Amino acid sequence: PVWDTAWVLRSLIESGYEPSKPELVKAADWLLSKQILDYGDWKVKNKQGQPGGWAFEFENRFYPDLDDSAVVVMALNQAQLSQPEDKPAAISRCLDWILTMQCRDGGWAAFDVDNDQDWLNAIPYGDLKAMIDPPTADVTARVLEMIGECHLTAPDTQVQQAMDFLLAEQEADGSWFGRWGVNYIYGTSGALSALALVTPEKVRSQMEKGADWLRSVQNPDGGWGESCASYKDKCLKAKGVSTASQTAWALIGLLADADIAAQSTDALAKGVEYLIRIQETSGGWNEDEFTGTGFPQHFYLKYHYYQHYFPLLALGRYQRFQRMRSN
């Protein structure tokens, strides 16, 4: 619910709703009320951090996570609160906590710091291979996106270490692995969204390579899709029936940078046409496929709002891109 609410807020605001709309203010106030100000298990390995993150669920004060926290900060940055004076302190608390959660290699994990001893997955009862929480490209990208989008101040050394980690995770074909969403389409979209906001000119070649890969895997129907089986077999990377959420992720990645978007007008138009074509009369979208990841190769999730708010966010950003081109 925290995750969904934050993304719904972002998608509605970027689709044209005023942040002052009562429903959106109410949702932003609710998100603020869910900020965790108690210590959790992260404190075992992070002695200096102070609480300030958000969890995935209604209530889970022991396990705030970096991904949710970064998305909530971006939502609150766009939203309006009934008590607007509370926003800066809430964002500052979260940023401070996130900065203390950076791993030694420069990346960020979901819940913990330097919890990367893979031998633990060999323990017999570790049957889901999820005994650890190593840093990942998608979570690292989300934190960098938050810093860039919200114009937050973070130490240059930490930002550079995170950038180095993210760039090192790029695969030879230009894509990035997606730990928490299926899969390379998700990871590549997130990486491009981050790089476009943090010194994009220094990483232009890496961004263009990622965009080239996204364009190369577009399906003939204009959409994008990827099966969960790509976690087991890399030959299935970005192969699958088109889905609303994965098409939206690809569009979001290509729209993240103005120059890349200008080079991708044909792919963007076809992707948008696909989303419009499959939109239901109710206004939403439907997809039967699972595009959320619990534990790769073992456990996947269907987030029922993904098929709605990600297309909405993509269409809102495409509309903004079109207006910029016409001016």
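Predicted model: local features only at pLDDT ≥ 70, side-chain atom pairs only at ≥ 80, totals over all residues.

1. Residues are numbered from 1 along each chain as its sequence is written, and side-chain values use heavy atoms, with hydrogens and water left out.

2. On Gln102: this residue sits in the loop between α4 (87-100) and α5 (137-149), where helices are DSSP runs of H or I with at least four residues, strands are runs of E with at least two, and both are numbered from the N terminus. Gln102 has a relative accessibility of 11% and therefore counts as buried (buried is under 20% relative accessible area, exposed over 50%, and partly exposed in between, with a 1.4 Å probe and protein chains only). A polar atom of the Gln102 side chain lies 2.8 Å from the backbone oxygen of Gly106, and a polar contact of 2.7 Å joins the side chains of Gln102 and Gln158. A polar contact is a pair of N or O atoms within 3.5 Å; within protein, one must be able to donate a hydrogen and the other to accept it, and residues adjacent in sequence count only if both atoms are side-chain atoms. Leaving aside neighbours within four places in sequence, the residues in contact with Gln102 (heavy atoms within 4.5 Å) include Trp108, Val113, Gln161 and Ala162.

3. On Val198: this residue is found in the loop between α7 (184-195) and α8 (204-216) and, at 9% relative accessibility, counts as buried. Not counting residues up to four places away in sequence, Val198 touches Leu144, Gly148, Val159 and Met163.

4. On the salt bridges: the structure holds 17 of them, a salt bridge being a side-chain nitrogen of Lys or Arg within 4 Å of a carboxyl oxygen of Asp or Glu. One of them joins the side chains of Asp38 and Arg61 (3.8 Å, N to O); both residues lie in the loop between α2 and α3, so the pair ties together parts that are 23 residues apart in sequence. Asp38 is partly exposed at 39% relative accessible area, and Arg61 is likewise partly exposed at 41%.

5. Another salt bridge links the side chains of Lys270 and Asp266 (3.2 Å, N to O), which are four residues apart in helix α11 (residues 265-278) and so separated by about one helical turn.

6. On the cysteines: a search of the whole structure finds zero disulfides, a disulfide being a pair of cysteine sulfur atoms within 2.5 Å. The cysteine sulfur closest to that of Cys94 is in Cys150, at 9.8 Å, which is too far for a bond, and Cys94 is buried with a relative accessible area of 0%. For Cys228, the closest cysteine sulfur is in Cys235, 17 Å away and again too far for a bond.
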